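Visitor: Please show me the model, and then take my questions one at a time.

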Amino acid sequence: MEKLIITAAICGAEVTKEHNPTVPYTVDEIVSEAEKAYKAGASIIHLHVREDDGTPTQDKNRFKECIDGIKERCKDVIIQPSTGGAVGMTNEERLQPIYLDPEMATLDCGTCNFGGDDIFVNTENTIIEFAEKIYGLGIKPEIEVFDKGMVDMALRLYKKGILKAPLHFNFVLGVNGGIAATPRDLIYLVDSIPDDATYTVTGIGRNEFNMATISIIMGGHVRVGYEDNIYMKKGVLANSNGELVEKAVTLAKELGREIATPDEARKILGIG
């Protein structure tokens, strides 16, 4: 079985210091959390950025500050900026970080409910626009999947030549309005993608490590971090993203999976 790629989603756009006081907002805090996750074993930093007051932003200059700081401390890590941004942002806002020459970027492949009145909108034309611009800059897209229809959308665009092999998916399970975080649903998603595709599994909240364990066993990869979960276990807040990565590393070692370095992750994903 190939080595395990661990992605750390260090801050997201929704979780706040009111949820966990160690959620990073400032450039220094984001860089520090990325370094802790990297040193613990993460090969990929999935990156959202914030203003100093915690407001989510896709501002290119803010991303550049954070990316430069992360690269200074974690020289070989893969940085994967989000093009999802936050609910309500325009396409132009969301796409800003792809113009900073990242190796990877996210590509959301459908519209979904995010709880309450929040709708995360990705029309087919938006998906095509983002895909063409991401590939046009030589960036590896990670296809974000919150429900089975998003796999079908990605495969339809793959058949049209808009998405290109080898495909890499991130299955996000347990979001309100998305697919449930169950072994059955994960197996269903994995069985729906091409044999040469790779995948990462993201479990939301209390599902994080249950889903990570199943993915490790199945040969997939895992994502952990404050964007998805702020607890080490029920009622116990994590002190850093590094602690969450360390827990994933421990699970992997117990289950017989070695951890991929960033360069090994590049080879597995077909980057570079």
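Guide: Helices (H or I, at least four residues) and strands (E, at least two) are DSSP runs, numbered from the N terminus. The model is predicted: local features need pLDDT of at least 70, side-chain atom pairs count only at pLDDT 80 or more, and totals for chains, interfaces and linings use all residues. Residues are numbered from 1 along each chain as its sequence is written, and side-chain values use heavy atoms, without hydrogens and water.

Visitor: How many helices and strands does the protein have?
Guide: The C-alpha trace spans about 45 × 40 × 40 Å along the principal axes of the protein. The protein contains 9 helices and 14 strands.

Visitor: What is the order of the strands in the open sheet?
Guide: Two strands pair if DSSP finds at least two bridges between them. The open sheet has 8 strands with parallel pairing, and their order is E5-E2-E1-E12-E11-E10-E9-E6.

Visitor: Which strands stand at the edges?
Guide: A strand at an edge has a single partner strand, so one side of it is left without a neighbour in the sheet. The two strands in that position are E5 (78–81) and E6 (104–108).

Visitor: What does the twist average from one strand to the next?
Guide: Axes are lines fitted to C-alpha atoms, for helices over the stretch in contact, and angles run from 0 to 180 degrees between N-to-C directions. From strand to strand, the twist averages 25 degrees.

Visitor: Which residue is the bridge partner of Leu-173 in E11?
Guide: E10 (residues 168–173) and E11 (residues 198–203) pair in the parallel sense, over 6 bridges. In E11, Leu-173 has as its bridge partner Gly-203.

Visitor: Which strands does H4 touch as it packs on the sheet?
Guide: The direction of H4 makes about 165 degrees with that of E6. Packed on the sheet, H4 touches E6 and E9 (140–145).

Visitor: Where does H7 lie?
Guide: H7 (residues 208–218) runs at about 160 degrees to E12 (221–224). H7 lies across E10, E11 and E12.

Visitor: Are H4 and H5 oblique or parallel to each other?
Guide: Angles under 35 degrees count as roughly parallel, over 145 as roughly antiparallel, 65 to 115 as roughly perpendicular and the rest as oblique. H4 (residues 124–136) and H5 (residues 148–159) pack at about 55 degrees, with their axes 12 Å apart. The two helices are therefore oblique.

Visitor: How do the residues of the contact of H4 with H5 divide?
Guide: Contact means heavy atoms within 4.5 Å; Ala, Val, Leu, Ile, Met, Phe, Trp, Tyr, Cys and Pro count as nonpolar, Asp, Glu, Lys and Arg as charged, and the others, Gly among them, as polar. Glu-124, Ile-127 and Ile-128 in H4 meet Met-153, Arg-156 and Leu-157 in H5. They divide into 4 nonpolar, no polar and 2 charged.

Visitor: By class, which residues has the contact of H1 with H2?
Guide: H1 (residues 27–40) and H2 (residues 60–73) pack at about 40 degrees, their axes 9 Å apart, and are therefore oblique to each other. H1 contributes Val-27, Ile-30, Val-31, Ser-32, Ala-34, Glu-35 and Tyr-38, while H2 contributes Arg-62, Glu-65, Cys-66, Gly-69, Ile-70 and Arg-73. By class, this contact has 7 nonpolar, 2 polar and 4 charged residues.

Visitor: Which residues does a cis peptide bond join?
Guide: Most peptide bonds are trans. In the loop between H5 and E10 sits Pro-166. With omega at about -5 degrees, a cis peptide bond joins Ala-165 and Pro-166.

Visitor: What is phi of Asp-101?
Guide: Most residues other than glycine have a negative phi. Asp-101 lies in the loop between H3 (91–95) and E6. Its phi is positive, near 65 degrees.
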